[in-house]
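Here is a briefing on one protein model.

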Amino acid sequence: MLNAVELTADTHLVCLTHALSTEKEEVMGLLFGEMKENRVAFICSAYPMRRSDKQPDRVEISPEQLSAAAIEAEQLATSLERPIQVLGWYHSHPHITVWPSHVDVRTQADYQLLDANFIGLIFSCFNESEKKSTMQVICFQSFNNAPTGDPPMFEHIELPLRIVPTPHSTVSPTCVSAITHLPEILFEEEQESYKASMERCGDMLTAIHNSSVYTQALAHILQVVCGPVMQLLEEELTRNKETLKRLQSEKEQLLAVLESQESDTEV
């Protein structure tokens, strides 16, 4: 078992944005990271995934999706020159408790057969308590609690989770890419559902209803995902402009010092 898990703030933002994109079904994605000393997993990026089948109480990751994510992690490892790999998965629990279900525990156990360091995150959202909506997150792994020789009896163990600041207090390029790709994933899911419903459509009234539901779903994505993402990008642009201005000022100061030193040398 791992001793702890560190999750960068921008990765937490990506996962939370994905989890809050819908309260009707669960969403999912994979986590990229690396192992640190003392058996601490460091998660530095998220990989939101498209759902082939929307279910209110479960999600599935196909082998093809896992393979594509592994390739993406390899490319990230090459660009960062760090041992980045697929190190976990996340999914949401809308309107239900944060604790993993027996299906979650079994799924986690299967992933740990591939990598013993694999971790799971669950984001419980849209839970109303005293007229307030609450959000919880849990990090867990599975272990077999059955006596030796008996059939497996998997249970979950909660791991200490620490949200750590993103380097330079900004959003990393990989997380910017993930969060800007999220609306595209959600739009594709809605398009697929709409096409499937229209293929089963038998009359004009049903077709009008399906089109209305589809339009409402797209408007929801624009409101709850695209709007906040645009605001995030605008804030990042403002922060980058301020950083550029500061660096240019420092450059001018250093050049002035260098010219002064060269003048003193010539004299």
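Ser172 sits in the loop between β8 (161–164) and α4. The model is predicted.

- Ser172 counts as buried, because its relative accessibility is 17% and the cut-off for buried is under 20%.
- The side chain of Ser172 makes a polar contact with the side chain of Asp10, at 2.9 Å.
- Setting aside neighbours within four places in sequence, Ser172 is in contact with Asp10, Cys44 and Thr166.
- Ser172 is also among the residues nearest the centre of the second largest pocket.

**Helix α1**

- Helix α1 covers residues 9–19, and 9 of its 11 residues are buried, so the helix is largely enclosed by the rest of the structure.
- The buried residues include Asp10, the partner of Ser172 in the side-chain contact.
- Thr11, His12, Val14, Cys15, Leu16, Thr17, His18 and Ala19 of α1 are buried too.

**Largest pocket**

- The largest pocket holds about 560 Å³ of space.
- Its lining has 23 residues, and those closest to the centre are Lys24, Lys54, Glu190, Val213 and Ala217.
- Two elements give two or more residues each to this lining: α4 (173–199) and α5 (204–266).
- Helix α5 gives the most, with 8 residues.
- By class, the lining of the largest pocket has 8 nonpolar, 8 polar and 7 charged residues.

**Second largest pocket**

- The second largest pocket has a volume of about 280 Å³.
- It is lined by 17 residues, and Leu80, Arg82, Ser172, Pro173 and Thr174 lie nearest its centre.
- β3 (40–48), α2 (63–80) and α4 each supply at least two residues of this lining.
- The lining of the second largest pocket divides into 7 nonpolar, 8 polar and 2 charged residues.

**Cavity**

- The structure holds 1 cavity of 30 Å³ or more.
- About 30 Å³ of space lies in the largest cavity.
- Arg58, Val59, Trp89, Val103, Asp104 and Thr107 line the largest cavity.
- Helix α3 (residues 102–114) provides the largest share of that lining, 3 residues.
- The lining of the largest cavity splits into 3 nonpolar, 1 polar and 2 charged residues.

**Aromatic pairs**

- The structure has 5 aromatic pairs.
- Tyr90 and Phe123 form one of them, edge-to-face, with 6.4 Å centre to centre and 85° between the planes.
- This pair links distant parts of the chain: Tyr90 is in strand β4 (residues 85–94) and Phe123 in strand β5 (residues 119–129), 33 residues apart.
- Tyr90 is buried, with a relative accessible area of 1%.
- Phe123 is buried as well, with a relative accessible area of 0%.
- Ring pairs also link Trp89, Tyr111 and Phe118 into a cluster.

**Glu74**

- Glu74 counts as exposed, because its relative accessibility is 55% and the cut-off for exposed is over 50%.
- The C-alpha atoms of Glu74 and Gln85 are separated by 6.7 Å, and the two residues are 11 apart along the chain.

**Met1**

- Met1 lies in the segment before β1 (4–8).
- Met1 is partly exposed, with a relative accessible area of 44%.
- Not counting residues up to four places away in sequence, Met1 touches Arg39, Gln141, Ser142, Phe143 and Ile157.
- Met1 and Ala70 are 69 residues apart along the chain, and their C-alpha atoms are separated by 22 Å.

Technical notes
Residues are numbered from 1 along each chain as its sequence is written. This is a predicted model: local features need pLDDT of at least 70, side-chain atom pairs count only at pLDDT 80 or more; totals for chains, interfaces and linings use all residues. Side-chain values use heavy atoms; hydrogens and water are left out. Buried means under 20% relative accessible area, exposed over 50%, partly exposed in between (1.4 Å probe, protein chains only). Helices (H or I, at least four residues) and strands (E, at least two) are DSSP runs, numbered from the N terminus. Rings of Phe, Tyr and Trp (its six-membered ring) pair if their centres lie within 6.5 Å; planes under 30 degrees apart count as stacked, over 60 as edge-to-face and the rest as tilted. On a 1 Å grid over the protein atoms alone, a cavity is a set of points where a 1.4 Å probe fits but cannot get out, and a pocket is an open set with protein on both sides within 12 Å along at least five of seven lines; lining residues have an atom within 4 Å of a point. Grid points are joined across faces, edges and corners, and a volume is the space filled by probe spheres set on the points. Ala, Val, Leu, Ile, Met, Phe, Trp, Tyr, Cys and Pro count as nonpolar, Asp, Glu, Lys and Arg as charged, and the others, Gly among them, as polar. A polar contact is a pair of N or O atoms within 3.5 Å; within protein, one must be able to donate a hydrogen and the other to accept it, and residues adjacent in sequence count only if both atoms are side-chain atoms. Contact means heavy atoms within 4.5 Å.
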